Amino acid sequence: MEKRLYAIVDLETTGGFASDNEIIEVAVAIHDGQKVLNRYETLLNPGRKIPPYIIGFTGISDEMVAGAPTFRDIAYELYQLLEGKVFVAHNVNFDYSFLQRSFADAGIDFRSKRVCTVRLSRKILPGFRSYSLGNLCEQLGINLSNAHRAGGDCEATSVLFSKLVAKDHDGHIDQSIKRNSGEVNLPPNLSRNTFDNLPMTPGVYYMHDEKGKVIYVGKAINIKKRIAGHFNGKNDSERKQNFFREIHDISFELCGNELLSLLREAEEIKRLWPKYNRAMKRQDLRFGLYDFEDRSGVLNLGIDRIRRYSKPVISFSNMFEARAYLEELIRLNSLERLYCGMEKMDWVDGEAIPKRRLEKKPEIKEYNRRVTEALEAIRENRESFALFGRGRDPEEQSVILVQEGRYRGYGFVHREFPVQGMADLDPHIREVPEYAESLWLIKSYLNRNVADKILRFN
């Protein structure tokens, strides 16, 4: 291993993320790859109250830090100690993000090569049930006294690092330090091999926790590049740091093209309900136009929220759009607003009574004919088509099937597969649940992109 100096660091803080918390204790051990040469340790006054759960976890109280220096007071001294050293910590991005932000607040631009002892331990000492500092110390016989204090954890990490150096016969430490290795940006519990083996093609990817549960689903034109984007940049928010700590594995599904990736992402988020997906987890609030016959035999129309197993005549992105459409339908077909749910109602003895009564009730057969013709005109405008795109390999093409205005599903066929009608595709289509946004995603994509091939069916 190349000769260099390491700064092994441990911090205690007022909370779990750097963007809105402060350091209350710092400990540094300067290590030459074999032994500790120098130690530094101090409490710090955060300029705010320490939360009770942090006091309980660390034992550091407001009284203990009342007379301690602030970070600004020790910033230059600490910077000189760390400058030119390789920054080492257990879950290094946590400690590094706090120090980098605190140095920036003090007017110092701090940057350093980093090494994570969690990641190194997984490579050099495989097979442990957990790679927390406490568990590693227990398994390796390292004395961890004064746990959850910066000095105690820093000392234990220094001993652990010495053991890792002694057992690093394959040069993992040197490899981790290389500027362009990118390893330091990966989540501490994710294998570098898993990341290296990700494809650079379109598809859907799944991030798993320690038990294999999917905690995030994403889509990408280039899966590896997109996932790398998750791990670059700042990770000082509480949500992002928690997210990184929970990632233990990544799997993927190749889709061949962007549109199918978009559709599969939407479907999988609805199916799996992952912890860290936000936007598409929201309850589907799109609306649909429905028809039904009342007790008098009159065909009624109405707008309602789209529910999972309901099939609206036509769907809309919001209530305003749905009502505007129905108003135009009423005007063009001389329909009664009362029978379209467009009249305000009064409640009398628990019964809904329209505020405006019909002056003359229409003849039911004639009125129903007008409603039926209006519905048939809507249904005739609902398209059926197959949309072909790139497949998962050069000999394959994907197919997305829309039938009577509803997204039915997707599949893959050979590039030369002959298609005369929809029945030819049926055996190759994987049926999917109907979600309101699926057809919207298809139409939105086609409005922005030229389709590879569209086969329309009468």
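In this predicted model, E265 and K219 form a salt bridge, with their closest N and O atoms 3.6 Å apart. E265 sits in helix α12 (residues 258-272) and K219 in strand β7 (residues 214-220), so the pair ties together parts that are 46 residues apart in sequence. E265 counts as buried at 8% relative accessibility, while K219 is partly exposed, at 28%.

A search of the whole structure turns up 24 salt bridges. Here are three of them, side by side:

| Salt bridge | Closest N and O atoms |
|---|---|
| E265 and K219 | 3.6 Å |
| R369 and E373 | 2.7 Å |
| R408 and E431 | 2.6 Å |

R369 and E373 both belong to helix α14 (residues 364-380), 4 residues apart, about one turn of the helix. R369 is partly exposed, with a relative accessible area of 36%, and E373 is partly exposed too, at 43%.

What about R408 and E431? They form a salt bridge, and R408 lies in strand β16 (residues 406-414) and E431 in strand β17 (residues 430-431), so this pair ties together parts 23 residues apart in sequence. R408 is buried at 9%, whereas E431 is partly exposed at 44%. There is also a network of salt bridges linking E253, R264, E267, E268 and R271.

Now for a sheet: 5 strands form an open, mixed sheet in the order β3-β2-β1-β4-β5. β3 (36-43) and β5 (114-116) stand at the edges with a single partner strand each, so one side of each is left without a neighbour in the sheet. Strands β2 (residues 23-31) and β3 run antiparallel, joined by 7 bridges, and V28 stands opposite Y40 in β3. Helix α7 (residues 150-167) packs on the sheet, touching β1, β2, β3 and β4.

Methods:
Residues are numbered from 1 along each chain as its sequence is written. This is a predicted model: local features need pLDDT of at least 70, side-chain atom pairs count only at pLDDT 80 or more; totals for chains, interfaces and linings use all residues. Side-chain values use heavy atoms; hydrogens and water are left out. Two strands pair if DSSP finds at least two bridges between them. Helices (H or I, at least four residues) and strands (E, at least two) are DSSP runs, numbered from the N terminus. Contact means heavy atoms within 4.5 Å. Axes are lines fitted to C-alpha atoms, for helices over the stretch in contact, and angles run from 0 to 180 degrees between N-to-C directions. A salt bridge is a side-chain nitrogen of Lys or Arg within 4 Å of a carboxyl oxygen of Asp or Glu. Buried means under 20% relative accessible area, exposed over 50%, partly exposed in between (1.4 Å probe, protein chains only).
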